Amino acid sequence: LFARETNDPHCISVAESCQARLSVLRRDLSAAMPWAQSVGSAPSAAELFMWLEVPAITCARVMIASGMPEYLEKATKLLLEIRQVSEACHFTCHTIEAAVLQSVSLEKQGRSDEAFATLEEVLALAGPHGWIRPFVEAGPPMAGLLTRLQKQNIAVNYIEMILSAFPDFRSGARPQINTPQTKIQNPFIEPLTNRELDVLELLVQRLQNKEIGQKLSISPATVKTHLQNIYQKLGATNRREAVEKARGLRIF
């Protein structure tokens, strides 16, 4: 209402952008999509300097959320333009925002190598400053990307910090990853969390608690807790029995 009272086109545009951004977070694209289709080209350096809420970036959020191939392609192109302007002007905030969304858009297009390369770049940029919100706002697709990248021993501690801010992660469940490497569990046992699967996989390699902790960047005490949960769920009493039961249940 205030923006409309000012009759300032920029203020109105930013207010509408905020509304669309909230719609994406609520997973309601019915109003956001028509708005996104009306947004023009990438913003100028002056617009990026003046506003934290950038309509063009939110437009890309909406198009990515739609998941439609033509919109994903448009979003990727738009974000590349925004990123180029932001990097040239040293606007770190908008560079991070654009690169995070760019990685999600690329992944949804099946361009995983480019998605991971982009994500690795933005983690290196954001890590020293401890940025969290841009990654979390990108939602479950970003959680999946981060989890897979973490398994490659890239920015392990920083990624763990980001993932801990995701609601599902805080409740004890790792983000589900739809990749060929995802383990298949027997439906008649209580499902193991992804972290418990990580520990179990290292048990197969006959690593000790301290070694497992070092591999996963967690304490030996946390490893012990995961082992107790694994034993309980599999009905095992020791490491060897847990591995044998996991193989028998075709978890590996």
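## Basis and surface

Accessible areas come from the Shrake-Rupley method with a 1.4 Å probe, and for residues only the protein chains shown count as cover. On that basis, the chain exposes about 13,700 Å², of which carbon and sulfur atoms supply 55%.

This is a predicted model, in which local features need pLDDT of at least 70, side-chain atom pairs count only at pLDDT 80 or more, and totals for chains, interfaces and linings use all residues. Residues are numbered from 1 along each chain as its sequence is written, and side-chain values use heavy atoms, with hydrogens and water left out.

## Overall fold

The chain has 16 helices and zero strands; helices (H or I, at least four residues) and strands (E, at least two) are DSSP runs numbered from the N terminus. Of its 252 residues, 45% count as buried, that is, under 20% relative accessible area, with exposed meaning over 50% and partly exposed in between (1.4 Å probe, protein chains only).

## Helix 8 and helix 10

The axes of helix 8 (residues 112–126) and helix 10 (residues 140–150) come within 11 Å and cross at roughly 85°. Axes are lines fitted to C-alpha atoms, for helices over the stretch in contact, with angles from 0 to 180 degrees between N-to-C directions. The contact (heavy atoms within 4.5 Å) involves S112, F116, L119, E120 and L123 of helix 8 and M142, L145, L146, R148 and L149 of helix 10.

## Positive phi angles

A155, although not a glycine, has a positive phi of about 45°. A155 lies in the loop between helix 10 and helix 11 (156–163) and is partly exposed at 32% relative accessibility.

S217, also not a glycine, has a positive phi of about 60°. S217 is in the loop between helix 14 (209–216) and helix 15 (220–234) and is partly exposed, with a relative accessible area of 35%.
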